[in-house]
Amino acid sequence: MTETTIPTIALNNGTAIPQLGFGVFRVDPARTAEIAGTALEVGYRHIDTAAGYHNEAGVGEAVRASGIARNDLWITTKLANGDQEHPEDAFQASLDALGFDCVDLYLIHWPLVEKGIYPNVWKSLTSIAESGRAKAIGVSNFQIEHLERIIAETGVTPAVNQVELHVEFQQRELRAFHLEHGIATEAWYPLGGGTLSDAPVLQQIAAAHGKSVAQVVLRWHIQVGNVAIPKSNHRDRMAENFDIFSFQLTDDDLAAIAALDRGDEGRRGTHPLQMR
Ligand code: NDP
């Protein structure tokens, strides 16, 4: 196992989230215990799952098999879209699947704006947090207006907003809003969701540091202050993606990567308003 101290970001509930985690979206439920277990062996201490991934049980199994103390791990899960009418029951089902008494972070997976009940769903999450079973609560795929609305209606600011964010889609306006409100930015599709950017400048930066493009991209997330949760089914890539703490991108590197942002045209995943 690699002994690396993963940097953390302080959240508004007083906890600190490891900036690098391991995502298990599209990890086969039948292989999740093995794959998440490999990630823990490689050194990851933060796993991002969701009820909608149907693999929470495998994550719990991997944690127990690892022998790592639960307190030394960060576990995030999410409320599935179909469960917005009964968040409390769905949360308990997630805890049961994981086999834990609490999670470190519980997120509303999508706002489902047409359905329009997300402010009430957020109120339910605040009750779950008060019960101590979710240390931090947050949201995912929320845009500024959705964040404004839940903050105005409940007075409770989410600790985290997990959104699509990669070098071609840098979410500048949303990140500025997060910064202003003390919301941590978590990046899904941190590597671009499967196809790494082929921008020559990334190859040049990678060559200059003796690193891969994936490592440069993940290092960029760390230096700009995002939480990043790359996924891989393969140990060698898990290790590659974890080996990003022994080099620093220069200001010139960061400026060159900032220039790769294509604004809304860079989006690769589902638009928050299109998820029903
Ligand atoms: P990523 O950006 O992490 O890309 C993963 C893909 O990149 C896989 O196809 C993987 O292939 C490949 N890959 C991994 N490492 C490397 C590498 N070093 N070099 C080249 N290719 C690599 O996208 P994800 O969709 O997996 O997102 C990450 C996590 O974000 C998810 O697992 C999930 O936890 C979260 N997420 C959240 C969403 C939300 O709505 N809140 C939506 C989508 C994701 P292989 O496995 O074969 O190595």
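Student: Which residues of helix α7 are buried?

Tutor: The model is a predicted one, in which local features need pLDDT of at least 70, side-chain atom pairs count only at pLDDT 80 or more, and totals for chains, interfaces and linings use all residues. Residues are numbered from 1 along each chain as its sequence is written, and side-chain values use heavy atoms, with hydrogens and water left out. Helices are DSSP runs of H or I with at least four residues, strands are runs of E with at least two, and both are numbered from the N terminus; buried means under 20% relative accessible area, exposed over 50% and partly exposed in between, with a 1.4 Å probe and protein chains only. In α7, which spans residues 200–209, the buried residues are Leu202, Ile205 and Ala206.

Student: Within what arc do the buried residues of α7 fall, seen down its axis?

Tutor: The arc is that of the directions from the helix axis to the C-beta atoms. The buried residues line one face of α7, because their arc is within 100°.

Student: Which exposed residues does the face of α7 turned away from its buried side carry, and against which helices do its buried residues pack?

Tutor: The face turned away from the buried side carries Pro200, Gln204, Ala207 and Ala208. On the buried side, with contact taken as heavy atoms within 4.5 Å, the packing partners of α7 are α8 (213–224) and α10 (251–258).

Student: Which residues touch the most other members of the largest nonpolar core?

Tutor: A nonpolar core is a set of buried Ala, Val, Leu, Ile, Met, Phe, Trp, Tyr and Cys residues joined through side-chain atoms within 4.5 Å. The largest one has 68 residues, and α8 gives the most to this core, with 7 residues. Another core, of 11 residues, lies apart from it and includes Ile17 and Val227. In the largest core, the residues that touch the most other members are Tyr44, Tyr106, Leu202 and Ile257.

Student: In what order do the strands of the open sheet run, and which strands stand at its edges?

Tutor: Two strands pair if DSSP finds at least two bridges between them. The 8 strands of the open sheet pair in parallel, in the order β3-β4-β5-β6-β7-β8-β9-β10. Each edge strand has a single partner, so one side of each is left without a neighbour in the sheet; these strands are β3 (22–23) and β10 (227–228).

Student: Is His109 buried or exposed?

Tutor: His109 is placed in the loop between β6 (103–108) and α4 (118–130). Leaving aside neighbours within four places in sequence, its contacts include Tyr53, Lys78 and Asn141. At 11% relative accessibility, His109 counts as buried.

Student: How far apart in space are Asp264 and Asp253?

Tutor: Asp264 lies in the segment after α10 and is exposed, with a relative accessible area of 60%. Asp264 and Asp253 are 11 residues apart in sequence; in space, C-alpha to C-alpha, they are apart by 22 Å.

Student: What is the radius of gyration of the chain?

Tutor: The secondary structure of the chain comes to 10 helices and 10 strands. The radius of gyration is taken over C-alpha atoms, and the globule rule is 2.2 Å times the number of residues to the power 0.38. For 276 residues the rule gives 19 Å, and the chain is close to this, so it is as compact as a globular protein of that length, with a radius of gyration of 18 Å.
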